[in-house]
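Dear colleague,

I am handing over the structure that I have been reading, and I would be glad if you kept it open beside this message.

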Amino acid sequence: MTEHVEWSEPETAAAPANPAVTPADAADAARLVAFGLQPKLQPARDQEYTGLLRRYREDPPFARLADAVAAGLGLIVLEVSPRAGMAVTAAEDSVFAVRMGDYARRTSADGSDRFLHGLAHLAVAALAFPRAEDLADDGYIGRVSVNGVDAFVRQACRRLEERAERTGENTDPATDAPGLEAAWRIWARRSATGATKDARRLAGSTTGIVGKAVAFLTDSGFLQRTGDDHGGTYRTTARYQLQVRDMAGSAAMAELLELGVVPVTDGTPTLLPAEDGDDLELVADAGLPFHA
C-alpha cells in the first residue's frame, strides 16, 4: 500500500514592512539636516539639497529618519519645503541653541543692554508681521527698516506711558517687574543715534541696537538687506516667518501687538521719535527671544 503524501509549496518569508535603514540612508538624512543648518543656502541653488527635499516629501521612511536625526541634535523641524528648505529651530537643550550671552558676544552688546536687544528683536518680529493673516500667509513678505523699528518701539513706549497714566500705575515700577512696562521708559530715554558731531549711529543708541539685531537676523538667514534708506531696509525670508510663528505665543510678543501701534509696513519711519533722556538700570534677561 502506497502512502499518500501531500506536497505544498514552501512558505516564503514575508517581506519586512519597513526596509532596513542603510548607512547611505542615514548619511543622506544627516546631509539634509546639515543643509538645514545653513540658513542662507537656498534650495533652488543646490541640486543635491533639492533632491533630498524631494525625497523627504516622497519617501515617508526617509522623512522619519531625517526627523530622528534632527531630534537627536536637539533640533525642531518647523517645515520642509522648496521655499524654506529644511527649516529647523534649536530646542533649549540643543548645542545649536542661541543664548543671550552668545548673542551679546557676537554683537559686542554690553551686558546691561541685553534686555533692550531682546526688545529690538520682538519689535522687528511684530513690525514684520503685524497681523495674524500676514503671519499665516506663506506668500507674505514683511519689510522693515532700522529707523522704522526704532520709531515703532518709541510709539509703543508712548502708548505704554499713556496707559500707565490712565490707570494710575506706578510710573517707576520695581526693577523685577516683568514685561514691557518695565522697559518702555528705558528705550524712550535712550538716544536714538548718539551724540557725535556727524550724528553717527552709536552702538549703544536705540538705532544702533536695532542695527545689531537686524544684522544678526540677516547673518542667520532670517532677513535680506534690500537698501540703505532709513538706516537700512530689509525683507523677511520664509525661515523668519516660521521662526516668528513659533514665538508668536510669547507674552511679550502678544503685549506688544495688543498696543495697537500703527505698523510701518513699508519701512518708512512715519512715527515721531521721543525726546532723548538719561539711561536707567535695566531688567536683566526679562522676556528675551533667546534661551536663558
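Predicted model: local features only at pLDDT ≥ 70, side-chain atom pairs only at ≥ 80, totals over all residues.

Residues are numbered from 1 along each chain as its sequence is written, and side-chain values use heavy atoms, with hydrogens and water left out.

The protein has 11 helices and 5 strands, where helices (H or I, at least four residues) and strands (E, at least two) are DSSP runs numbered from the N terminus. Of its 292 residues, 44% count as buried; here buried means under 20% relative accessible area, exposed means over 50%, and partly exposed lies in between, with a 1.4 Å probe and protein chains only. Among the contacts with a separation of 6 or more, 64% are between residues 24 or more positions apart, a contact being heavy atoms within 4.5 Å.

Let me begin with the strands. Strand β1 (residues 75–81) and β2 run antiparallel and are joined by 6 bridges, and two strands are said to pair if DSSP finds at least two bridges between them. The two form a hairpin with 3 residues between them. Within this pairing, Ile76 has Thr89 of β2 as its bridge partner, and Val77 has Val88. Is strand β2 enclosed by the rest of the structure or open? Because 6 of the 6 residues of strand β2 (residues 85–90) are buried, this strand is largely enclosed by the rest of the structure.

There is also an open sheet of 3 strands in the order β3-β5-β4, with antiparallel pairing. β3 (143–145) and β4 (223–227) stand at the edges with a single partner strand each, so one side of each is left without a neighbour in the sheet. The twist from one strand to the next averages 35 degrees, with axes taken as lines fitted to C-alpha atoms (for helices over the stretch in contact) and angles running from 0 to 180 degrees between N-to-C directions. β4 pairs with strand β5 (residues 233–236) in the antiparallel sense over 4 bridges, and Thr236 of β5 is the bridge partner of Leu223. Arg225 lies in strand β4 and is partly exposed, with a relative accessible area of 43%. Not counting residues up to four places away in sequence, Arg225 touches Gly231, Gly232, Thr233 and Tyr234.

Now to the helices. Helix α2 (residues 47–58) and helix α3 (residues 60–72) have axes that come within 5 Å and cross at roughly 110 degrees. That makes α2 roughly perpendicular to α3, since angles of 65 to 115 degrees count as roughly perpendicular, those under 35 as roughly parallel, those over 145 as roughly antiparallel and the rest as oblique. Their contact is made by Leu52, Arg55, Tyr56 and Glu58 of α2 and by Pro60, Phe62, Ala63, Ala66 and Asp67 of α3.

Helix α5 (residues 114–128) and helix α7 (residues 146–167) pack at an angle of about 100 degrees, with their axes 10 Å apart, and are therefore roughly perpendicular to each other. Residues of this contact include Ala123 and Val124 of α5 and Val149 and Phe152 of α7.

Finally, a nonpolar core is a set of buried Ala, Val, Leu, Ile, Met, Phe, Trp, Tyr and Cys residues joined through side-chain atoms within 4.5 Å. Which residues touch the most other members of the largest nonpolar core? Of its 33 residues, these are Val124, Val149, Val153, Trp187 and Tyr240. At least two residues of this core come from each of α5, α7, α8 (184–189), α9 (206–219) and α10 (238–247), and α5 gives the most, with 9 residues. A second, separate core of 19 residues includes Leu52, Leu53, Ala63 and Ala66.

With best wishes
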